[in-house]
Amino acid sequence: MESKLQRYPMEEMRTLRARVDSAASILVLTGSGISSESGLPTFRGAGGLWRTHRVQTLASLEGFSADPVLVWSWYNERRAAHAAAEPSAAHRALAALEARSGNFTLATQNVDSLHLRAGSKNVLELHGSLREARCTTCDARRVLDGPLDASEIEHACGGRWRPDIVWFGESLPQAVWARAVDAAERAEVVLVVGTSGLVNPAASLATRFARRAYVVEINPEETILTPEVALSIRARASDVLPELVT
Ligand code: APR
């Protein structure tokens, strides 16, 4: 039987494996590509969310203010799709890699909670998550254990419940961002998995802040980050990451 390793330059996999095995500190940055293998759409790929929906309408404060019912119906749909999805072999491999690595941080742009469901522990959700809603006025929080109905959007304080997501034009949660930058600056190896690298500041974790790290990109396609990394492996996440923990 042909081993998966043979599909990629053996040399690349050997290099990656050796670097990961000897690294005292690892940062992994993930994007929607890692969840595409769980059946969830990416944003900019074929059939991607931003190909079929208007960003300004659905992922901005202005869009929410203009039509909160529409925004909530979209996030309710996404939350249901996340709940119905299962972590992929790639998600599980990262949880296994964390379990055997000394200093390991996983910074994700994804809001689908699949890393946590795969068993990852030190997860930084750079763009928030769909597990909670928060009030636009008093910042109160509530757990989302089902769809939020249109009749529930108004909060008693006069504010509105909104998804606990970072929308375009908004800043990342400060404490989470500070921990991600710290992890990038300490990292000896940075794995960039399943992201186009088009959104900042998340992408800068793999470039500007990872100054001392050996940065490896895993993506079936070239990205804006490809010229800036030490090694770029043209492959799907679940064809490479499990090889690092066998
Ligand atoms: N394995 C690895 N990479 C994959 C796979 C796979 N199986 N399938 C697709 N990819 C890659 C694509 O080639 C693409 O480069 O995943 C990337 C997905 O890119 P985008 O659709 O741009 O998504 P992402 O990088 O996560 O977007 C960043 O943009 O819209 C905002 O907040 C949103 O967090 C999101 C951010």
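Asp-139 is partly exposed, with a relative accessible area of 43% (buried means under 20%, exposed over 50% and partly exposed in between, using a 1.4 Å probe and protein chains only). Its phi is positive, about 60°, although Asp-139 is not a glycine, and the residue lies in the loop between strand E4 (128-135) and strand E5 (141-143); helices (H or I, at least four residues) and strands (E, at least two) are DSSP runs, numbered from the N terminus. The model is a predicted one, with local features needing pLDDT of at least 70 and side-chain atom pairs pLDDT 80 or more, while totals for chains, interfaces and linings use all residues. Residues are numbered from 1 along each chain as its sequence is written, and side-chain values use heavy atoms, leaving out hydrogens and water.

Ser-113 also has a positive phi of about 60° without being a glycine, but this residue is buried, at 12% relative accessible area. Its place is the loop between strand E2 (103-108) and helix H8 (114-117). Then there is a cis peptide bond between Asn-200 and Pro-201, with omega about 10°; Pro-201 is in the loop between strands E7 (189-193) and E8 (214-218).
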